[in-house]
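User: Could you take a close look at one part of this model for me? I would like to see how that spot is placed and how the rest of the chain is arranged around it.

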Amino acid sequence: MLSIPPLARRGLTRFGLALALGLAVITPALAAPPSDADINRLLAASRAQSMLDTMLPQIEAMQRQQFAQVAAQRQLDPARQEQLQRIEQRTSQTIRQALSWKELRPMYVDLYKKSFSKEDVLAMAEFYESSAGQSLLDKTPALMQNVMVAIQTKMQPLFVDLQKDLEAIVNEEPAPAAPAKGK
C-alpha cells in the first residue's frame, strides 16, 4: 500500500474539504430552478402584464403613423384607401393577439427559468413586493420620459453640427480630376 507522509495527508484533507465546500456552495444555485409559481409571483409583483398592456397602444400608434405616412406619400383612390384601412386593422389585430399576455406569459416563464435561479426570482419578487420596489415601478415611467427628454436635449447640438457638416460636404466644389499618369 502507498504511504502518504502526514504533511501531504493534511494538504490533501484540506484540499478535499475546500472542494466539498465549493461544491456545496455551487450545487444549490445550479440545482434550484424557479417554479412556475415563483415566476408568476415575480411577474405579478413586477407588474409585467400591466407594463405590456401600456406598451400596446404605443406600438399601435407607431403602426398607425406608418400607415398614415404610406397614405400621405401616395395619391390613393377611395378603394385603395379602404384597402389600406382594412390592412391596418388586420395588422393591429395581429399585433394585439401576438403581444397579448396570454401569448407572452409562457415565453416570460420560460425565459425567467432559463435566466434566473429560484433564489434570484424569490429575491426579485420580494423586492418588487416591498414599498421600495413598488415605488420604483410607480416612478419608472416618469424616469424614462425624463431620460428621453435629457437625451434629446443632449443630442440636439450634435445634430446641428452634423447638419452643418453635411451641408458643407454637399455644397463643396468637386476637386478637379487628376491627370492620368503615363499619358
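Analyst: R47 is partly exposed, because its relative accessible area is 26% (buried means under 20%, exposed over 50%, and partly exposed in between, with a 1.4 Å probe and protein chains only). This residue sits in the loop between α2 and α3 (helices are DSSP runs of H or I with at least four residues, strands are runs of E with at least two, and both are numbered from the N terminus). Its backbone is worth a glance too: R47 has a positive phi of about 60 degrees although it is not a glycine.

A word on the ground rules: this is a predicted model, in which local features need pLDDT of at least 70 and side-chain atom pairs count only at pLDDT 80 or more, while totals for chains, interfaces and linings use all residues. Residues are numbered from 1 along each chain as its sequence is written, and side-chain values use heavy atoms, with hydrogens and water left out.

The side chain of R47 has a partner in D138: the two form a salt bridge whose closest N and O atoms are 2.8 Å apart (a side-chain nitrogen of Lys or Arg within 4 Å of a carboxyl oxygen of Asp or Glu). D138 belongs to helix α7 and R47 to the loop between α2 and α3, so this pair ties together parts that are 91 residues apart in sequence. A search of the whole structure finds 7 salt bridges. Among them is R86 with E82, at 3.1 Å between the closest N and O atoms; these two are 4 residues apart in helix α4, so about one helical turn separates them. Another is K114 with D110, at 3.2 Å from N to O, and here too the residues are 4 apart, in helix α5, so they are separated by about one helical turn. K114 is exposed at 64% relative accessible area, whereas D110 is partly exposed at 35%.

Now to the helices that flank the loop. The largest nonpolar core has 11 residues, including L43, A48, W101 and Y112 (a core is a set of buried Ala, Val, Leu, Ile, Met, Phe, Trp, Tyr and Cys residues joined through side-chain atoms within 4.5 Å). Helices α2 (36-45), α3, α5 (101-115) and α6 (118-129) each supply at least two of its residues, and the largest share, 4 residues, comes from α5. In soluble globular proteins, nonpolar side chains tend to be buried together. Setting aside residues up to four places away in sequence, L43 touches A48, W101, R105, Y108, V109 and Y112 (contact means heavy atoms within 4.5 Å).

Further along, L56 is in helix α3, residues 48-73, and is buried with a relative accessible area of 6%. L56 and R96 are 40 residues apart in sequence, yet 7.1 Å apart from C-alpha to C-alpha.

Of its 183 residues, 14% count as buried. Among contacts between residues at least 6 apart in sequence, 82% join residues at least 24 apart.
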